Amino acid sequence: MPKRRSKYASENLIRKHAENLLIWIEETGNIPWTKPFDISGDWGPKNVTTGKHYTSLFNNLSLTAMMHISADRTKKSIDPRFFQLADARKKDIITKEKLSKDEPGLRKFKSVMIFYPMSNSTIVDNKDFDPAKPEGPDNMREKKRSFFTGKYGVGQVINVNDTTAVEDGIVEPLEVYLSGQEKKNPVIEDLQNICDSFPHEDKITMGIPSYNHVTKVTKIPEMKFAKSSEGYYSTVVHERAHQIGDMIGELKHDRTKKQYSFEELIAEMTASCVFGHCGFSEMPEHENSIAYIKSWVKNLKDDPMVLFKAAEKAKRRAKYLIEGFVPEKKIVNREDFPFLRGV
Ligand SMILES: [Zn+2]
């Protein structure tokens, strides 16, 4: 069990961690959210102790950073497996902690903090339950509903590369582990379905893709002008993320530079979540250059918590996009969105 801390202490830890993550991004030029993220828990960073994959986007950001750092300093391949630090110690797994304190980006990254939103849950009657149909995962009489308590639990993990677990035969070698992983094959039609089935109004443009919050129209260049189909859909997902932001009242219309960076970051992370969900392990070559992304990072530096907030918002927007709808109560001024008529 992760050690419980007060909400305040956890927030300080998250802030410190986000700060370190931004320093690492600046020092190494690696941008973890330009990789797809698995939010459904099928692949990606995994907890060896519980056998589960990490699904929180912020944890995924941190863990991806840690995977790269560990691989760099141990000169081994990137290993997606992590031990809970306390558990590694309990099992006498030797952690390689004799590391240079001055290695760039490493100082505070010897192990990674992970954050669990603490929730309470209750069982409620499912109003959609159909007694005429057999009970099953799609037709359940009762459903569990979880409520976020506003608190975070904190745990510490260490990458398998930073332990002697493979040498000691405690976990299988990386190649063996990876060959046994069943990863969904990326399917471009999945991306297409997600983009097409979400209520929208698109217009073909010759110019830069954009979402207009006044007309609610998304301008997208013709697919033949995109470098690849993946590139085309990464643009569509990005713009849909802005549209959803507008639908749920998160899109600021008179944006400052900082708010602009924040919104772009959310849209980028949303695309990473949707690509990860569709089984892609790489993002298509990006329209936005690394230098452009770096300028957002610079804008974020005075408030590193935005990294955490953006990750949370991106995961929510990706979920709406994947599920094909935004709950009624989240849509602000439904009549403003002409394409929602009859939906
Ligand atoms: Zn954008």
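**Entry 1**

I began with an open sheet of 3 strands, which has the order β7-β9-β8 and mixed pairing. β7 and β8 stand at the edges with a single partner strand each, so one side of each has no neighbour in the sheet. α6 packs on this sheet and touches β8 and β9, and its direction makes about 175 degrees with that of β9. For that angle, axes are lines fitted to C-alpha atoms, for helices over the stretch in contact, and angles run from 0 to 180 degrees between N-to-C directions.

Before going on, I noted the ground rules. This is a predicted model, in which local features need pLDDT of at least 70 and side-chain atom pairs count only at pLDDT 80 or more, while totals for chains, interfaces and linings use all residues. Residues are numbered from 1 along each chain as its sequence is written.

My helices (H or I, at least four residues) and strands (E, at least two) are DSSP runs, numbered from the N terminus. Two strands pair if DSSP finds at least two bridges between them.

**Entry 1: the partners of β9**

How many bridges join β7 to β9? I found 4, and the two strands run parallel. On the β7 (residues 202–205) side, K203 stands opposite K219 and T205 stands opposite P221.

β8 (residues 210–211) pairs with β9 in the antiparallel sense over 2 bridges. S210 stands opposite K219 in β9, and K203 also stands opposite K219. β8 and β9 form a hairpin with 6 residues between them, and K216 in the turn has a positive phi of about 65 degrees.

Next I checked the faces of β9 (residues 218–221). I call a residue buried if 20 or more other C-beta atoms lie within 10 Å of its own, exposed if 12 or fewer, and partly exposed in between, with C-beta atoms placed from the backbone.

**Entry 2: helix α5**

Which residues of α5 (residues 188–197) are buried? They are L191, I194 and C195. They cover an arc of only 95 degrees around the axis, which puts them on the same side of α5. That arc is taken from the directions from the helix axis to the C-beta atoms.

**Entry 3: the core**

I then asked what the largest nonpolar core holds. A nonpolar core is a set of buried Ala, Val, Leu, Ile, Met, Phe, Trp, Tyr and Cys residues joined through C-beta atoms within 7 Å. The largest one has 61 residues, and those with the most contacts inside it are L57, F83, M269, V274, A310 and A311. α7 gives the most to this core, with 9 residues. Domain 1 (1–182) and domain 2 (184–343) both give residues to this core, so it lies between them. The domain bounds come from an automatic or database domain assignment.

Strand β2 (residues 46–47) runs parallel to β4 and is joined to it by 2 bridges. F82 is the bridge partner of N47.

K75 is in the loop between α2 (57–74) and β4 (81–84). Phi of K75 is near 55 degrees, a positive value in a residue other than glycine. K75 counts as exposed because it has 7 C-beta neighbours inside 10 Å.

**Entry 4: whole chain**

Last, I wrote down the totals: 9 helices and 9 strands, with 34% of the 343 residues counted as buried.

Note on methods. Contact = placed C-beta atoms within 7 Å.
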